[in-house]
Amino acid sequence: MKNCNKTGIKKLPVGISSLRQIIEGDYVYVDKTREALELIEAYKYVFLSRPRRFGKSLFLDTLCEIFSGNRELFRGLYIHDRYDFAPHPVIRIGFSGDLRSPAGVKNRLLDQLGINQKALGIACRREDVFDSCFAELIQLAFEKHQQKVVILIDEYDKPILDHMGQDEEQFQIALKNRAILRKLLVY
């Protein structure tokens, strides 16, 4: 058995948030695809809030793999024969890492939007303006693929929470980062 110790016990995927890496590496995986299917079938918008280190990034990666149409990755899992796996355009934005300033948050957004444009084969007219590029990216992805666009945002609160509970200067950075995120999401 791959990735097992001498007793035949599978390794735990500590720190791994890629479903593909867990499945292909034969790590222990607790199947959450039933819950994923319930969310997909019952809701148009979903906000997931759970404590840190509770598997949100892995769950978002699972949703990405589902919406990307990667059926074979789910062989043996609950969702495999219960979902059509029609590919949808997926926009993923993540805020992991060290975001020390509002400029860093803006740069991260621009980098993430650039990665998504490349992955979707789309170019925004104003790549340097994150909020209008995000809105345009959604519209262009729908037009190009004629499918609903899936938007997955991971660690959306990190640019704010990393600066809370500290001094006044850090609190002001948190407020500026919150304004940037609001501008992105409410455009």
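The questions that follow concern a predicted model.

Me: How many aromatic pairs does a search of the whole structure find?
Reply: A pair of aromatic rings is described by the distance of the centres and the angle of the planes. In this predicted model, rings pair if their centres lie within 6.5 Å. A search of the whole structure on that basis gives a count of three.

Me: Is the aromatic pair of Phe74 and Phe85 stacked, edge-to-face or tilted?
Reply: The ring centres of Phe74 and Phe85 are 5.5 Å apart, and their planes stand at 40°. Planes under 30 degrees apart count as stacked and those over 60 as edge-to-face, so the rest are tilted. The pair of Phe74 and Phe85 is therefore tilted.

Me: Where in the chain do Phe74 and Phe85 lie?
Reply: The two residues are eleven residues apart, and their pair links distant parts of the chain. Phe74 and Phe85 both lie in the loop between helix H3 (56-67) and strand E1 (90-94).

Me: Is Phe85 buried or exposed?
Reply: Buried means under 20% relative accessible area. Phe85 has 4% relative accessibility, so this residue counts as buried.

Me: What is the angle between the planes of Tyr83 and Phe85?
Reply: Tyr83 and Phe85 form an aromatic pair with 5.2 Å from centre to centre. The pair is edge-to-face, a class that requires planes over 60 degrees apart. The angle between the planes is 80°.

Me: Which residues form one aromatic cluster?
Reply: Phe85 pairs with Phe74, and Tyr83 also forms a pair with Phe85. Tyr83 is buried, because its relative accessible area is 12%. The cluster consists of Phe74, Tyr83 and Phe85.

Me: Which residue has its charged end over the ring of Tyr78?
Reply: A charge sits over a ring only if it is within 6 Å of the ring centre. Here the charged end lies 3.9 Å from the centre of the Tyr78 ring. The residue is Arg82.

Me: How many disulfides are counted?
Reply: Cys124 is buried, because its relative accessibility is 5%. Cys133 is buried as well, with a relative accessible area of 0%. A disulfide requires a pair of cysteine sulfur atoms within 2.5 Å. By this rule the count is zero.

Me: What is the relative accessible area of Ile91?
Reply: Ile91 lies in strand E1. Not counting residues up to four places away in sequence, Ile91 touches several residues, including Asn116, Leu120, Phe134 and Val150. Ile91 is buried, and its relative accessible area is 0%.

Note on methods
Residues are numbered from 1 along each chain as its sequence is written. This is a predicted model: local features need pLDDT of at least 70, side-chain atom pairs count only at pLDDT 80 or more; totals for chains, interfaces and linings use all residues. Side-chain values use heavy atoms; hydrogens and water are left out. Rings of Phe, Tyr and Trp (its six-membered ring) pair if their centres lie within 6.5 Å; planes under 30 degrees apart count as stacked, over 60 as edge-to-face and the rest as tilted. Helices (H or I, at least four residues) and strands (E, at least two) are DSSP runs, numbered from the N terminus. Buried means under 20% relative accessible area, exposed over 50%, partly exposed in between (1.4 Å probe, protein chains only). A charge sits over a ring if NZ of Lys or CZ of Arg is within 6 Å of the ring centre and within 35 degrees of the ring normal. Contact means heavy atoms within 4.5 Å.
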